[in-house]
Structures are given as C-alpha cells and as structure tokens.
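Hi,

Here is the structure I promised to pass on.

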Amino acid sequence: MHDQPLLEVRDLSVEYDTGSNPVVAVDRVDLDVHAGEFVGVVGESGCGKSTLLFAIAHLLSSPAAISGGSVTFQGQNLVTMSEKKLAALRWRDFSVVMQSAMNALNPVKSIGAQFKDTIMAHDEPVADDRPAEVLRLVGIDPIHLDSYPHQLSGGMRQRAMIAMALLFTPDLIIMDEPTSALDVVAQRSLMVQIKELQRRLGFAVIFVTHDMSLVSHFSDKLVVMYAGQVVEFGDTRAVFDHPEHPYSAGLLDAFPSIRGPKVPLTGIPGAPPDLANPPSGCRFQPRCPKAFEDCPKIAPDLYQVGPVQARCLLHAPSISASEEAS
Ligand SMILES: Nc1ncnc2c1ncn2[C@@H]1O[C@H](COP(=O)(O)OP(=O)(O)OP(=O)(O)O)[C@@H](O)[C@H]1O
C-alpha cells in the first residue's frame, strides 16, 4: 500500500519521571497505520504497549510524558495539538476503548444519556437514531439506552463502550485489551463482531492484546514490542510463519496452537529488564538463545528482512553478508 498512512508515529518516546532514572517505557517507536488496517500490538506485560497507545491518543498523565517524536493523524501532529482541538478530534475522528472499558461508563447515568453527552460535546450533526443504531451494531437491543451500567453484564458494558466509540464512525479506533475481562467465548464473539464492523465501516484499529491467537486471527499487521521498543513489525501472517526476531519466535513458542499439532511449549526463560536500567546493546540479549559477542555491545536498528522488519543484529547488513560468505 503506497497511500499516505492514516497514522504516522515517528521516533516516539515516553518517559515516566520516577525522581531518579526516568523509565523509558516507549523508546523511539515508528509505526504506520493505513486506512482500514487492523494492527495488533503484542509483548510481555510491562513492555510499554498501553503507554504507547495512551501516547498516541494523547491521554498520558503525570508522571508519564512524551519526551520526543511525533504522532501524525490525518496530517496533523497530535503531540503539539491544543487540548481543545484534540477534544474535537477524539470520538469524532479517532476513538479509544481502554482495558477498563467496562468500568469507564458513568454509573449514575443511563447509557443513552452518556451517548448524548458525547454527541453534545462535538460540533457534528448526528442523526437522532444514531445511539440506537450503534447499539444494534454491537448486538445490544436499543431498549438498553434507558439502562444504567449496573443493569448490563460485563460483556454488554464492553460492547456499549465500543458502540460509543462508533457514534461518529471514526477513521481509527485504538483498543487496549477491550476484551480481556471477558470469558474466552465472549471474547471471541466480540472480536468477530469488531472485525465484521471494521470490514463493513472501514475504520482502522490498533489493538493491544496478550492473546497471540486473537491477533493471528484478526490483525493484518503485527507489532512485537520488547522493553519499550518495537522488535518486529510486519504482516501478521509473515511474522507467524517465519518470525525473524528471537523474541517473536519465543513468544510464538510460548502459546499453544489451537488447531496445529501438539508440541511442547518452550516459553522464554528469564524476565523482561528494568526499563530504568535496560541492558547494554540489544535489550533482549540476556535472554536470547541466539546472542553472540556483539549483542551486549551494539544496539540494533530495525532491519528490513524480507517482508518484515526486525531489531536483531543477526539481520544487520554486515553480519548477514559475512554469514552468507562463510
Ligand atoms: N506510574 C508509573 N511510574 C513509573 N513507571 C511506570 C508507571 N506506569 C508504568 N510504568 C513503567 O512503564 C512500563 C510500561 O508499562 P505499560 O503499562 O505500558 O506496559 P504494558 O505492556 O501495557 O503492560 P500490560 O500488558 O501489563 O498492560 C512498565 O514496565 C513500567 O516500568
């Protein structure tokens, strides 16, 4: 796809001010999302997935702050945009459904009243029956516009938040584990519905999850994060078929295949590093089964490897060339 990306994240860094060494939770991340694309973001707990999404949506709060880079959405840099201008874009052009989505609804207002508040906060004409329509889109009977959040199940509250995110039919929906509080069956059915809506309405999605099986089924592109950095990026199928970063390979080996042959799960020994004091060179080298002498000395870039990009010295042009020669 050669058209201009809908979202261009460039060199984005986020730091948590801890009083001593800052925690660099997002470290010079680049990411393009094109119109209508479904981009999954995976990685172990604490690798910076949520921080990245909050930074993109400009929802970080102290002690976290963007320390560098840009987030260009529809040609405008969100990082330098005024709060007023951002408020006009949020929900209308991009919306956000976070991990705690089912608790994000106001307990003392009906669903309909909350939808109305969101509509009123924007200078955008919305048909009177739009709230009923979006509830129907996510499989909830519009009778529940009169319901209060406590009258809905967890799954319905989650769906109601997604309905709210669809009110203005935005171009991008940013989702941080929106299904994580649901049981596996409810999770899958909500995912199928999100995917179907995405196909039908054409919005792009950035979706954070711990569930490799969800991304394998639903995302077009995959971002693998480790210790605040993107370590692999590419078409989901390409990464699953042939992971180029040893961390991606370990992550895939740590998840059972639902339909494939039964193989022992190997996982990744050790734990992710302290982001206030990351290891020298490649951040994954202390846990990497393929580490060699340069790995603690040289911090790898993201190198193009066939259809994907991988941050691993094994793919650095000079090393790849010397391997080929030997
Ligand atoms: N309030 C805070 N103060 C200092 N550091 C923080 C704070 N919140 C998060 N961090 C740091 O930021 C890093 C990234 O956290 P983040 O929540 O973005 O990770 P994540 O990949 O989304 O994790 P999870 O999958 O568990 O949600 C963590 O490793 C932690 O070190």
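The C-alpha centres of domain 1 and domain 2 lie 30 Å apart. Domain 1 covers 1-93 + 170-326 and domain 2 covers 106-167, with bounds that come from an automatic or database domain assignment. Where they touch, 13 residues come from domain 1 and 13 residues from domain 2; two residues are in contact if their C-beta atoms, placed from the backbone, lie within 7 Å. On the domain 1 side, helix α6 (residues 184-201) gives the largest share, five residues. That side divides into 10 nonpolar, two polar and one charged. For those classes, Ala, Val, Leu, Ile, Met, Phe, Trp, Tyr, Cys and Pro count as nonpolar, Asp, Glu, Lys and Arg as charged, and the others, Gly among them, as polar.

Before you go further, bear in mind that this is a predicted model: local features need pLDDT of at least 70, side-chain atom pairs count only at pLDDT 80 or more, and totals for chains, interfaces and linings use all residues. Residues are numbered from 1 along each chain as its sequence is written.

**The chain as a whole**

There are 10 helices and 12 strands in the chain. These are DSSP runs numbered from the N terminus (helices: H or I, at least four residues; strands: E, at least two). The radius of gyration, taken over C-alpha atoms, is 21 Å, close to the 20 Å that the globule rule gives for 326 residues, so the chain is as compact as a globular protein of that length. That rule is 2.2 Å times the number of residues to the power 0.38. Along the principal axes, the C-alpha atoms fill a box of roughly 70 × 50 × 40 Å. If you take contacts between residues at least 6 apart in sequence, 65% of them join residues at least 24 apart.

**Inside and outside**

Of the 326 residues, 41% count as buried. Buried means that 20 or more other C-beta atoms lie within 10 Å of the residue's own, exposed means 12 or fewer, and partly exposed is in between, with C-beta atoms placed from the backbone.

The largest nonpolar core has 87 residues, and Ile174 and Val224 have the most contacts inside it. Both domain 1 and domain 2 give residues to this core, so it lies between them. A core here is a set of buried Ala, Val, Leu, Ile, Met, Phe, Trp, Tyr and Cys residues joined through C-beta atoms within 7 Å. Beyond its neighbours within four places in sequence, isoleucine 174 is in contact with Leu53, Ile56, Ala57, Phe94, Val96 and Ile206.

Two loop residues are worth a look. Arginine 283, between α9 (246-253) and β11 (303-305), is buried because 25 other C-beta atoms lie within 10 Å. Leaving out residues up to four places away in sequence, arginine 283 touches Tyr226, Ala227, Gln229, Pro273 and Pro278. Aspartate 128, between α3 (111-120) and α4 (130-137), counts as exposed, with 8 C-beta neighbours inside 10 Å. The C-alpha atoms of aspartate 128 and phenylalanine 284 are separated by 53 Å.

**Around the ligand**

Which residues are closest to the ligand? They are Ala25, Ser45, Gly46, Ser50 and Thr51, out of 14 that surround it; a residue is near if its C-beta atom, placed from the backbone, lies within 6 Å. β2 (23-33) and α1 (49-56) each supply at least two residues of this shell, and α1 gives the largest share, three residues. By class, the shell has six nonpolar, seven polar and one charged residues.

Cheers
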